[in-house]
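Student: I have the sequence and the coordinates open. Could we go through the fold and a few local features?

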Amino acid sequence: MWKMMVTTSMTTKKVFRELLCVLEDWPLHSTSTCDGDQQDVLALAATRALREILRMPRCPRGLKVHFPRLLLALLFQVVYSTEQMSDEVDTFWRECQEEGGLPTSPSRLVAFEVERKRGWDTLLHAETHHCAMGLLAREIRVVSRHLNASVVSYLVKLLSRNEPRCELPAMAFLVEILASPGPNVRAESFLQLVPRYLQSTCSIMRSLVLKGLTVICDTPWMVPKMRFLVQRLTDLLQDTDMDMVRMTLSVLRKVVRDPSVPISTPIALQLAERLQPLLDNESWYVRQLSVSIFKEVTERVANDGKKPLKTLVHQSLLPLIFHVFDENKAVAATCRDTLLQATAFLKKEKLRQVVLRDQQIEAIGECLLVECRSRAAEYLRQSLTYVQSPQDSIREAAVAFLGVLGQHMRAQPEKFQLVYHGE
């Protein structure tokens, strides 16, 4: 019957429109046939109808026109039918099998009709749907570039609706398509989804969104359009997942570097505060990104934010000095540049000159204690932490600094006594 219906142009358009309506609306809307079939059964019936059409010797013209929507609708049908196997669906499927030649589960119907690839087995498990969708999207974005714009448009509309079951696989597919080569005119529509999904309780969803933002950051004209996300990205720096923090830092660095994206006083203060613990992170890449962003904050904070930011910059001086001796050369170089900027920000010109011409911790420490003598007790507390650093070079720098500090503390025994007693 279905083959006959798509042999004429008059009925083909109506047939595909109706099949798409059934597949795309399920399970979002209540859909049933005149004899009362349930919506999940009807969607599987539409899938079976498409199977019959696909087996025709010649591909109907309407199939090519609607291919992007049909492909995605069928992929999400796999997601839904894998998660839901009601009595009605089970009964319907057994009846179809008795008629002959169908797979043993509804989700296998779609996989049966598409060239088998590495990701199909992954697609048929609920916990790995999003991985398979990403794999498939990578193939499509290469071999069918002309479809990318329509695919993105469809996925954005889908993600704008409230259907939790399809959100993760849809986002995985969308992020991969965004990475397709050439100008990405659909990136702005993705950005509209970001505030909602960046707050998801699902760590995989947050990771996918950050991956999409990383892709968009590679398009210079898109970076200024991301300024409204700085607050949300700053909040993510408190995440306990360091991979999430690393991705967030990568995006933040590109956004705050853009001269057209201002750093307001509240954001600058929050960023500086949340970056401080990350300066000592075990990952050298996290350390380097954190220090780099901290430098941008001190350079580009609004004028009214410079005074309240000084306290946080003061607290960061000694950690920056110690990490000038970081075993990772990239981190050490970034810390030195940031230390020079911090001393300029605090108007500590003598200290800046010492850092410029001398790489010895004793000389830098001596000048720091002269320039900031009132902070000697604070520096003692900070140094004791770095004596336990896993890096030999930093431990040695901390011990050397404590030696210089001890000489200064002898001239102020009352302060040393207060620290000794933990007051």
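Student: What share of the 423 residues in the chain is buried?

Tutor: Keep in mind that this is a predicted model. A residue is counted as buried when its relative accessible area is under 20%. By that cut-off, the buried share of the 423 residues is 50%.

Student: Why is H11 described as largely enclosed by the rest of the structure?

Tutor: H11 covers residues 164-178 and spans 21 Å between its end C-alpha atoms, close to the 21 Å expected. Its buried residues include Cys166, Phe173 and Leu178. H11 is largely enclosed because the buried count is 12 of the 15 residues.

Student: At which residue does H11 bend?

Tutor: The bend amounts to about 25°. The residue in question is among the buried ones of H11. The bend is at Ala170.

Student: Are H18 and H23 parallel or oblique to each other?

Tutor: A helix pair is described by the distance and the angle between the two axes. For H18 (residues 306-323) and H23 (residues 392-410), the axes come within 9 Å and cross at roughly 125°. That angle lies between the ranges for roughly perpendicular, 65 to 115, and roughly antiparallel, over 145. H18 and H23 are therefore oblique.

Student: Which residues of H18 and H23 make the contact?

Tutor: The residues of this contact divide into six nonpolar, one polar and no charged. H18 contributes Leu318, Phe322 and His323. From H23 come Ile394, Ala397, Ala398 and Phe401.

Student: What is the phi of Lys347?

Tutor: Lys347 sits in the loop between H19 (329-345) and H20 (349-357), and is exposed at 72% relative accessibility. Most residues other than glycine have a negative phi. Lys347 instead has a positive phi, near 60°.

Student: How far apart in space are Asn281 and Met242, C-alpha to C-alpha?

Tutor: Beyond its neighbours within four places in sequence, Asn281 is in contact with Val286, Arg287 and Met242. Asn281 and Met242 are 39 residues apart in sequence. Their C-alpha to C-alpha distance is 9.3 Å.

Key: Residues are numbered from 1 along each chain as its sequence is written. This is a predicted model: local features need pLDDT of at least 70, side-chain atom pairs count only at pLDDT 80 or more; totals for chains, interfaces and linings use all residues. Side-chain values use heavy atoms; hydrogens and water are left out. Helices (H or I, at least four residues) and strands (E, at least two) are DSSP runs, numbered from the N terminus. The expected span of a helix is 1.5 Å times one less than its number of residues. The bend at a residue is the angle between axes fitted to the seven residues ending there and the seven starting there. Buried means under 20% relative accessible area, exposed over 50%, partly exposed in between (1.4 Å probe, protein chains only). Axes are lines fitted to C-alpha atoms, for helices over the stretch in contact, and angles run from 0 to 180 degrees between N-to-C directions. Angles under 35 degrees count as roughly parallel, over 145 as roughly antiparallel, 65 to 115 as roughly perpendicular and the rest as oblique. Contact means heavy atoms within 4.5 Å. Ala, Val, Leu, Ile, Met, Phe, Trp, Tyr, Cys and Pro count as nonpolar, Asp, Glu, Lys and Arg as charged, and the others, Gly among them, as polar.
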